Amino acid sequence: MTNPSQLDEIGIGGLGASRKRVEDARFIRGRGNYVDDITLPGMLHMEILRSPVAHARIKSIDTSKAWEIPGVRLVLTGEMAAQRNLAWMPTLSYDTQAVLATDKVRFQGQEVACVVADDPYTAKDGCEAIVVEYEPLPAIVNPRQAHAPDAPIIRDDKEGQTDNTCYAWEVGDKAATDRAFEQADVVSKLSLHYPRSHPSPIENCGAVASYDPATEKLTVYMTTQAPHIIRAAVALVAELPEHMIRIVSPDIGGGFGNKVPVYPGYVCAILCSILLGTPVKWIEDKSGNLISTGFARDMYFDGELALRRDGRILGVRFHADTDQGAFFSDAQPSKFKIGLVHSAFACYDIPTGHITARGAYTNKAPGGVAYRCSFRVTEAMFFQERIIAAAAADLGMDPAEFRRINLVRDDQFPYRTPFGFLTDSGQYQKCLDIGLAAIDYEQFLREKEEAAKHGRLLGIGISTMTEPLGAGNSREYDILGIKMFDSAELRVHPTGKAILRTGAKTQGQGHETTWAQIVAHELGIPAADVVVEEGDTDTAPFGMGTYASRSTPVAGAAVAMVARKIRAKARKLAAHLLEVSEEDVEWELGRFYIRSAPDRGVSIQECAAAAYGNMPDGMEPGLENNAYYDPPNLTWPFACYIVTVEVDPESGVWDVLRVVAVDDCGVRINPMIVEGQIMGGLTEAYAMSNMQFITFDADGNCVGSNYMDYLLPTAWETPGFELHEVVTPCPHHPLGAKGVGECAAVGGPAAFVNAVLDALSDTGVRNIDMPLLPDRVWEAINSGQNVSGAPPVRS
Amino acid sequence: MYPARFRYEAPESLGGALELLRTYGEEAKVLAGGQSLIPMVKLRFATPELLVDINGLPDLGYHEVRDGALEVGALCRHVDLEYSTGLDRWPLMASAAPLIADPIVRNRGTLVGSVCHADPQGDWASVMLALNGSIVATGPNGRRVVPAGEFVTGPFQNALLPGEIAIAARIPVPTGTPFGRYLKLERRVGDFATAGVAVALELAGRTVLTAGVALTGVGANNIKVVAAEQVLAGSALEPEVVEEAARLAAEAAQPRTDHRGSADYKRHVVRTFVTRALELTPVAV
Amino acid sequence: MDKRSITVTVNGATRTAEVEPRLLLAHLLRQGLGLTGTHIGCDTTNCGACTVLVDNTAVKSCTMLAVQTDGHEVTTVEGMAKASELHPVQEGFREEHGLQCGYCTPGMMMSAMALLQRNPDPTEEEVRWALSGNLCRCTGYQNIVKAVLWAAAKMKPAEV
C-alpha cells in the first residue's frame with residue numbers, strides 16, 4: 001500500500017510542463033531515421049524525367065539509349081504504366097492525375113518517365129539519355145486565361161470536359177446579403193491575389209518501395225503525414241489488398257501539408273519495385289519538389305463589406321477563383337471544394353454573408369491546399385484581415401477600434417457564423433487588448449507621426465482571427481469517404497511503463513513528447529515512462545494523420561480518452577487490491593485511495609501489476625486499450641498579431657521593428673512546444689509577406705522552382721517574436737486544448753502586409769499583392785497605384 | 001543534383017596545372033572554390049571533360065602588398081578578406097566581402113575565381129572595376145596583367161587565353177585617404193544582387209583625388225561608370241556633384257525588367273545607393 | 001569507370017573509399033560511409049543542411065567533391081559528441097528547443113560550432129549572421145539563436 005501521492009504534475013511531465021523533447025536525443029546526434037537514410041538489401045535507385053515545357057503533345061519518347069547504360073535496370077514510360085492501368089491515378093479530390101504523361105504534358109516539371117539503376121548517378125544519366133519530342137501548345141497560367149472563351153482545354157483527357165472549370169461552389173444567403181448591401185452606408189471593396197507558395201520543408205519527398213514476391217507484401221517507407229490514408233490510396237491505385245500493404249512513415253523532415261498527397265513518384269517507385277521484385281528508392285531533388293508537388297494558395301479574391309456609418313459590419317460577400325493547376329488533387333475534406341474558406345469572418349459578429357468560388361485548371365503543378373493552411377483558412381483569414389483594414393480606412397476609423405466594435409463578444413458564445421460554423425469559446429477583446437498594450441499602440445502612433453515629419457515611413461498592422469482546427473466531426477468531414485476521427489492505443493505493462501501509438505504522424509511537432517504528457521496527466525505515470533510511436537500502418541491504430549493542426553484536437557483527445565479507459569479499469573483493480581467497493585475509491589494523480597481512509601491507497605503501477613498477476617474473478621487480464629475519437633465540433637483558437645515596420649521609400653525595402661503575438665489556443669500541453677509552433681508559423685507569415693512565392697511567365701515557365709528563386713528567409717532577415725498567451729479552454733475537448741500549429745501562418749501574413757500599407761497610407765495605395773518585394777513597394781509609392789503580383793510575369 | 005561524368009586531376013604545382021590546361025584546352029575547367037562551378041556541374045549546365053583542382057597548389061592563399069599593389073592570390077577565400085586586418089587601405093573590399101553569398105560559401109569561394117566566372121551579378125568584378133584592379137594570368141606565353149575592365153568580356157566570359165590560369169588579382173595602393181562602400185540590394189542573404197553599387201574614393205583633405213564607381217546586376221556585365229568618376233574627381237562632394245554622379249550612374253545602368261524589378265526601379269536603386277554611399281563619406285556635406 | 005582511391009580522416013578515423021570524381025562529398029558521407037546524419041535539402045547550395053567541417057572549416061558538403069577531401073579531415077555531426085558526452089552546442093539545441101523536425105539541425109549545429117570556434121562570445125546579431133547560410137523551416141530561428149548563446153555560455157571558461 002502506498003502513501004499519499006504528492007506527485008507534482010509538472011515534475012512528472014504532465015499537462016503544462018515544458019518537457020524537453022524526447023525526439024531531440026536522436027536528432028542532435030544525427031541519428032534520425034529519415035526516408036533517405038534507409039537502405040535495404042538489393043535496393044535500386046529511381047530518378048524521374050520531367051517535362052521542360054508547360055503544355056505540349058508528346059510526339060515520341062525514345063528510351064533506347066537509356067537502356068544501354070550499364071547499371072540501368074528499368075526505364076518506365078507512361079505507355080508502359082498504361083499497360084498496367086497505372087498511367088493515371090485517382091486524386092484525393094475525386095479527379096484523376098497523370099502518373100506518367102502519355103498524350104500530353106500539362107505543366108512544366110510533370111513526370112514523363114523514370115529510370116531505375118544501381119545508383120542515383122546512373123539513374124540520372126539514364127534520364128538524360130531519354131529523348132522526348134514535344135509539340136508545344138499555348139500555356140495557361142492564371143484563371144482569367146483559363147476561363148476565357150477561346151482557351152485551349154487542358155483536361156481533354158476527361159470525357160465531357162468542355163472548359164477549364166474544375167469546380168464551382170457556393171455558400172451563404174445571397175438574398176439576405178444583397179439586402180444588407182443595399183442598406184449599407186459604405187461599401188468597402190478589395191481585390192487581391194494570394195500568390196502561389198510552397199510548403200517546402202527542407203526534406204524533400206521520397207519513398208523506399210519494397211515489394212517482396214515471396215510474401216506478396218508491399219512495404220513502403222514514405223515521407224507521409226498520413227500513412228493510413230496512403231495505404232487506402234495505394235490499395236485503390238495499385239489494386240493490392242489492404243492487408244498486404246504496409247506504409248511506414250519514419251522521421252519526417254518537415255511536412256507542412258506537402259507530404260499528404262499521393263505523388264506520381266511514389267506510384268512509380270511502387271510499380272518499379274513490383275516489376276523488379278527488389279526495393280526501389282526514389283528521393284526527389286528540391287527542384288522536383290518545388291515544381292511538381294503540392295503547392296499552396298494561388299487564390300484570387302473579389303470582395304466587399306457592407307458597413308454602417310458607426311462601424312458595424314452588416315454583411316460580407318466575396319468571390320474566389322482558385323488556380324488548381326493541371327489536376328484537382330487537393331487533400332481536403334471531400335464536401336468542401338475550397339476547403340474551409342467560408343470560415344472567414346468567423347471572429348466578427350456579422351449577420352449575413354455570401355461566397356461563390358470557382359476552380360480553374362491551368363498549366364501548372366496540381367495542389368492548392370497545403371502549407372499550414374488548415375484547408376484554405378490561410379487564404380480566408382488573409383482576405384478577411386486585409387479587407388477589415390481597408391474598411392477601417394474607408395470609414396476613417398482606427399483599425400483597432402473597428403475590430404473592437406465588430407469582434408464577437410465573450411457573452412455571445414456559442415456563436416453561429418453566417419456560413420454555418422459554430423464557434424464555442426474565446427476572449428477576443430482581451431487578446432486584442434493585450435496585443436495593443438504589448439506593442440504600446442498609442443505610443444507607436446505618436447512615433448509614426450513624428451517620424452513622418454522627417455520623411456520616415458513607419459507602419460503598424462493588426463490581424464485578428466479565429467480559425468477552425470481539428471477536422472473534423474463525422475457528420476461533415478471525410479477524405480475519400482473515410483471519416484476524420486483519430487485514434488490512440490495504450491498498453492500499460494506489468495511494471496507500469498507504457499507504450500502509446502496513435503493514428504497521427506509527427507513531422508517535428510513533438511508528439512513523442514506531448515502525447516506522453518497527456519498520459520502522465522490522466523494516469524500519473526511519469527511521461528518518461530511512456531514511449532510513443534506513430535507512422536507504421538502495421539502497428540498504429542487507424543488514423544487520418546497530421547495536418548491542418550488536427551492532432552491535438554483529435555488524436556490528442558483520443559489519447560486522453562484511452563488513458564481514461566485504462567484508468568477506469570485500474571479503478572476496478574484498485575478496489576480489488578484495497579478490498580473495498582469501487583464507489584469507495586477516489587483518484588488523485590497516480591494513485592487510488594479509500595475515501596474514508598486516504599492513507600490507504602495503491603499506485604497506478606501497483607494496479608498495472610495486478611492487471612497481470614492479481615485480477616479479481618471474472619476480469620479480463622491486461623491493462624491495454626484503444627480509443628477512436630470523433631470530435632463533436634471543430635476547435636476555435638484565436639490570435640491577435642501586431643507588426644510594426646519601417647519602409648525605406650527609396651528602395652522599397654521594409655524592416656520589421658516588432659512582432660507581437662497573442663495566441664489563445666486553449667490549454668497548452670507543452671508550452672515550450674506551443675511557442676515553437678507559433679514562432680515557426682510567424683516566420684512563414686513573414687516569408688510569404690516579404691519574399692517567398694512561385695510564379696510563372698507567359699509560356700508557363702516556373703519562376704521559383706529552386707532555392708535561388710524560391711526565397712526562404714534566413715536567421716538574418718527573420719525578425720524576433722514577442723509571444724503572449726491567453727487561455728480559454730475548449731469546452732468540448734477532453735483537455736480543453738484547441739491546437740495551434742498553423743495559427744500564426746494563418747493570421748500572420750495580413751499583419752505584416754497591413755503594417756507596410758499603413759506606412760504607405762499617404763500614397764492612397766490600397767493593395768500590394770504578396771510578397772511585398774522591394775520593387776513592388778517602390779512601384780506603389782511612386783505610382784500611387786495598387787500593385788498586382790499575378791502571373792504571367794516577365795522571367 | 002548528380003553531375004555528369006568528368007575526369008579529375010589535382011596537380012601539386014602550377015606547372016602541372018598549366019600542363020593539364022594545355023592538353024585539354026576548352027574541355028578543362030579550373031576548380032578553385034567551386035562554389036559557382038560545382039553547382040553548375042551538378043545541374044549539368046556545365047559538362048567539362050576535366051576538372052583541374054588547384055586547391056593543392058602552394059602559396060596562393062595570400063593577400064598582401066607585393067610590388068606596390070595589394071595582391072590577392074587565387075586561393076584567397078572570401079572569408080579571408082571578410083576577417084582581414086590588412087584591408088585598411090581598401091575599405092571598399094572590406095565592405096563588399098561580407099556581402100558575398102553566405103557565410104559557409106565564403107569559406108571556399110575565391111575572389112579571383114569569382115571574377116573569372118564573370119557573372120554579371122557577381123560582386124567582386126564591380127569592386128575590381130571601381131578600384132582599377134587587374135587580373136594576373138599565367139600561361140604558355142608567360143605572365144600578363146589584364147585590367148579588370150578588359151578581363152571580363154561578356155556574361156560568363158573572360159579574357160583568359162587557352163592554357164592560361166588566373167593566379168592573382170592586383171589592386172593599386174591608394175595614394176590619398178581611401179574611402180569605399182559596397183551597397184547591395186538583395187532580397188535575402190545569398191540572393192544575387194537586384195542591384196549593387198561599388199564606390200571608392202581617394203581623398204586629400206576634403207577634395208576627391210580619384211573616384212571609382214561600378215555597378216552590379218544592371219547590365220550584361222558589371223559596369224564602370226566613368227562619367228560619374230570624372231564628375232567626382234576634383235570635387236568636394238558638394239550635394240549637386242553627388243546628385244550628378246548618381247544621375248550619371250543611373251543613366252549608365254542598362255538593367256532588364258525581370259522578377260527582381262522593373263528597369264526603372266533598378267536605375268532608381270542605383271541612383272539611391274550611389275548617393276547614399278557618397279553621403280557616408282566622412283567629408284560629405 | 002574512372003574511380004580513384006581516396007583516404008579521408010572522418011571524425012578522427014581513417015577511412016578509404018573508391019570514388020568516381022563526380023561523387024559529391026555529401027554522398028560519400030551518407031552512402032559510402034553510412035554517416036546519414038548529414039542531410040541533403042536542396043540542389044542549389046542554398047540550404048546548408050549538408051554543412052560539415054573540412055579541416056575545421058564549415059563547408060557545404062553538397063558543393064564539394066569527395067575526391068577533394070583526399071588527405072584531409074572531415075567532421076560530421078556524428079563526430080560532435082566525445083564518447084557519450086554531448087557537445088555543448090548539441091546540449092544547447094535540446095535545452096532551448098532549437099529543433100523541431102531535426103532535418104536542418106546537423107548542418108545548423110556544424111555552423112554554430114564553427115562560429116564558436118572563431119568567436120566564443122557572439123552577440124545575437126553575430127549568431128544570426130553566422131547562421132545565414134543555413135535554412136530552417138520549422139523553428140523561426142529564435143530558439144536556434146538561444147541554443148547557440150546557451151552553448152557559448154557553457155563553453156566559457158569558468159570565472160576565476
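What is the mean pLDDT of chain C, and how many of its residues reach 70 or more? I looked this up first. The model is predicted. Chain C has a mean pLDDT of 96, and 98% of its residues reach 70 or more. For the complex I noted an ipTM of 0.98 and a pTM of 0.97 from the predictor.

**Entry: a sheet in chain A**

I traced an open sheet of three strands in chain A, in the order S6-S2-S8, with antiparallel pairing. S6 (104-105) and S8 (131-136) of chain A are the edge strands. Each has a single partner strand, so one side of each has no neighbour in the sheet. I then checked S2 of chain A, which covers residues 56-62. S2(A) pairs with S6(A) in the antiparallel sense over two bridges. Here I found Arg57(A) opposite Lys104(A) of S6(A).

**Entry: domains of chain B**

I took down the domain assignment of chain B: domain 1 (7-53), domain 2 (63-172) and domain 3 (177-279). Next I looked at how domain 1 of chain B meets domain 2 of chain B. Their C-alpha centres lie 18 Å apart. Domain 1 of chain B puts 11 residues into the contact, and domain 2 of chain B puts in 13 residues.

What do these two domains of chain B bury between them? I read about 950 Å², with 78% of it on carbon and sulfur atoms. On the side of domain 1 of chain B, Leu18(B), Ala32(B) and Gln35(B) lose the most area, together 42% of what that side buries. Helix H1 (residues 14-24) of chain B gives the most to this side, with five residues.

Note on methods:
Residues are numbered from 1 along each chain as its sequence is written. Chains are lettered from A and ligands numbered from 1 in the order in which they are written. This is a predicted model: local features need pLDDT of at least 70, side-chain atom pairs count only at pLDDT 80 or more; totals for chains, interfaces and linings use all residues. Side-chain values use heavy atoms; hydrogens and water are left out. pLDDT is the predictor's confidence in each residue, from 0 to 100. Two strands pair if DSSP finds at least two bridges between them. Helices (H or I, at least four residues) and strands (E, at least two) are DSSP runs, numbered from the N terminus. Domain bounds come from an automatic or database domain assignment. Contact means heavy atoms within 4.5 Å. Buried area is the accessible area (1.4 Å probe) that two parts lose on being put together, summed over both.
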